[in-house]
Amino acid sequence: MTGAGFEVGTDTLDPAAVAIASRTPGVRGVVPAGLDDVMAASVAARDALVASGTPVYGVTTGFGDRNISRVEPADAAALQAGLIRYHLAGTGPAAPDDVVRATLLIRANCLARGRSGIRPEVVRLLLDCLAADLLPVVPVRGSVGASGDLVPLCYVASMLVGEGTVRVHGVERPAAAALAGAGLRPVRLEPKEALALINGTAFLSAFAVHAYAEAADLCVAGAAATALAVEALRGNRDHFHPMTHANKPHPGQVHVAGAVRRLLDGSGFARGQREIAELNGDGGSRLAHPIQDRYSVRCAPHVLGVLHDTLGWAGRWLAVEINASTDNPLFEPGTGEVHNGGNFYGGHVGMAMDSLKVAVASAGDLLDRQLALVVDEKYSNGLPAGLTGPAKGPQHGFKGVQIATSALVAEALQRSAPATVHSRSTEAHNQDKVSMATIAARDACAVTELVREATAAHLAALCQAIDLRGGPAALGEGTRAVYTFVRDRAGFLDRDRRLDHELAGLAAALRSGALTGVVAPFGAAEPRVAGSA
């Protein structure tokens, strides 16, 4: 990414950067010097093959199982128009604006590599629509993840030819009028160009990069919540000692244990092994204080560490996917040859998202179990039932919040079932093995949203517990920063009141990555660059 925007076609897009940038309007993509010539060379190779009479899939043949039907060169352009229209069969709600922005950027990036037989002006129109925030209304359902995202991406192609409906700053308008209002002209697609636009993995990858970026922030939030839970429960800091984790050195486990340990530096609430031994003394058959905490606290590095390490390899896979030529066929500019293959298959993204959503849901379950300990006076080491405030009369505190959080996590666990195992033979058994990556990526986004909301509730409850312990003065330096972050958005519960608006604001702040910035000075932030482990 340059100061002027993202460079497309240079294999440099970063998944997290794409996700973060696409949350706001005005994303800009730039075609670097020299790539126009590469794209033009692939177009020339396409045209030479057509002129020679060589059958070229999707250019001078039909599509899918109709690839044995020859199409006259004179009818090749009309073939492309029909391809868009017959795929306009999507259903369900419209994709969120941030997903559509990421879709346009990723698709332009893949096409600008110059292997797809598409003109530079079509790629630039994609980027111009993105910069003007002209976003096609794309139904989320209808893709099996191979041949890419045919149904969703046809709504993108439809916009470029001046058809369909777009959102302009949240207002729906006919595409032709929206393009004219932005000073843009629709294109008339040449042979292969509609196929190049819709035969790719940009839509599923757009959901995936958002799930990936949010999961990275949730891993940070999980470590921060665990550190606060240790303090709220007066737990044992020794569970995060480097010696323990050096003897099972999964990188994520070591990273998370170190993050929790650093956040607890200076804490007067957390207890060490020697302090616990002194509390228990040397007499009596029952110890005054547990030697070790329950698994949801003690094993947090082992749970969150899985998420950390999953992010490492998933990020690398996503970086490859969004910087690849994912349509078919591909043209080799240097030789003029055409190659048929299956780069539209979303298998790597599907597997990454199925794995990521399991890891995120497991992290959410961990935090839900921590919350259950904090609100229950039988397990909280002296906190009042439900974390009720000091007001007189019947109070229930965080009882309702804990119930709602349990529901959120249950739904996240339910949505974590793998999608990639449900391949369906489609399109007259031409697409007889498909990835289902789009569903996997959509589910991953849903799971991260649910766990984000649960995490916000847990953080609010933990800060309530700290206040009931006497306030933040005895917190570690890092956890005090987390406490301040939460308290800026959710106040102390002195008596029962509605909490949904405060928790929604806290959840929104988590999605923005603000908490990651808060804990970064303490060495507790999650690497967000694709390829880091």
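Where is the place of Arg 234? I found Arg 234 in the loop between α9 (202–232) and α10 (242–246). Helices (H or I, at least four residues) and strands (E, at least two) are DSSP runs, numbered from the N terminus.

**Ground rules**

I noted that this is a predicted model, where local features need pLDDT of at least 70 and side-chain atom pairs count only at pLDDT 80 or more, while totals for chains, interfaces and linings use all residues. Residues are numbered from 1 along each chain as its sequence is written, and side-chain values use heavy atoms, with hydrogens and water left out.

**Entry: the whole chain**

I looked up the secondary structure of the protein chain and got 20 helices and nine strands. The C-alpha trace spans about 95 × 45 × 45 Å along its principal axes.

I then checked the radius of gyration, which is taken over C-alpha atoms; the globule rule is 2.2 Å times the number of residues to the power 0.38. For 533 residues a compact globule would come near 24 Å, and the 27 Å of the protein chain agrees with that.

Of the 533 residues, 56% are buried. Buried means under 20% relative accessible area, exposed means over 50%, and partly exposed lies in between (1.4 Å probe, protein chains only). The protein chain exposes about 20700 Å², of which carbon and sulfur atoms supply 55%. These areas come from the Shrake-Rupley method with a 1.4 Å probe, and for residues only the protein chains shown count as cover.

For contacts (heavy atoms within 4.5 Å), I took those between residues at least 6 apart in sequence. Of these, 79% join residues at least 24 apart.

**Entry: positive phi**

I went back to Arg 234 for its backbone. Its phi is near 55 degrees, a positive value in a residue other than glycine. Arg 234 counts as buried because its relative accessible area is 18%.

Asp 133 also has a positive phi in a residue other than glycine, near 60 degrees. Asp 133 lies in the loop between α5 and β4 (134–136). With a relative accessible area of 2%, Asp 133 is buried.

**Entry: cis peptide bonds**

I found a cis peptide bond joining Ala 146 and Ser 147, with omega about 10 degrees. Ser 147 sits in the loop between β5 (139–141) and α6.

The bond from Asn 328 to Pro 329 is cis too, with omega near -5 degrees. Pro 329 is in the loop between α14 (300–322) and β8 (330–331).

**Entry: Arg 115**

Which residues does Arg 115 touch, not counting those up to four places away in sequence? I listed Val 38, Ser 42, Ser 325, Pro 329, Leu 330, Phe 331 and Pro 333.

Arg 115 lies in the loop between α4 (97–111) and α5 (120–131). Arg 115 is partly exposed, at 33% relative accessible area. From Arg 115 to Val 59 I read 56 residues in sequence and 15 Å in space, C-alpha to C-alpha.

**Entry: Ser 158**

Ser 158 is in helix α6. Is Ser 158 buried or exposed? Ser 158 is buried, with a relative accessible area of 4%. Not counting residues up to four places away in sequence, Ser 158 touches Ile 84, Leu 88, Glu 163 and Gly 164.

**Entry: pocket and cavities**

I noted the terms before the values. On a 1 Å grid over the protein atoms alone, a cavity is a set of points where a 1.4 Å probe fits but cannot get out; a pocket is an open set with protein on both sides within 12 Å along at least five of seven lines; lining residues have an atom within 4 Å of a point. Grid points are joined across faces, edges and corners, and a volume is the space filled by probe spheres set on the points.

The largest pocket has a volume of about 440 Å³. Its lining has 27 residues, and Ser 147, Leu 150, Glu 427, Asn 430 and Gln 431 lie nearest its centre. The elements giving two or more residues to this lining are α3 (76–86) and α6 (150–160).

How many cavities of 30 Å³ or more does the count come to? I got three. The largest cavity has a volume of about 60 Å³. Phe 398, Gln 464, Arg 487 and Glu 502 are among the residues that line the largest cavity.
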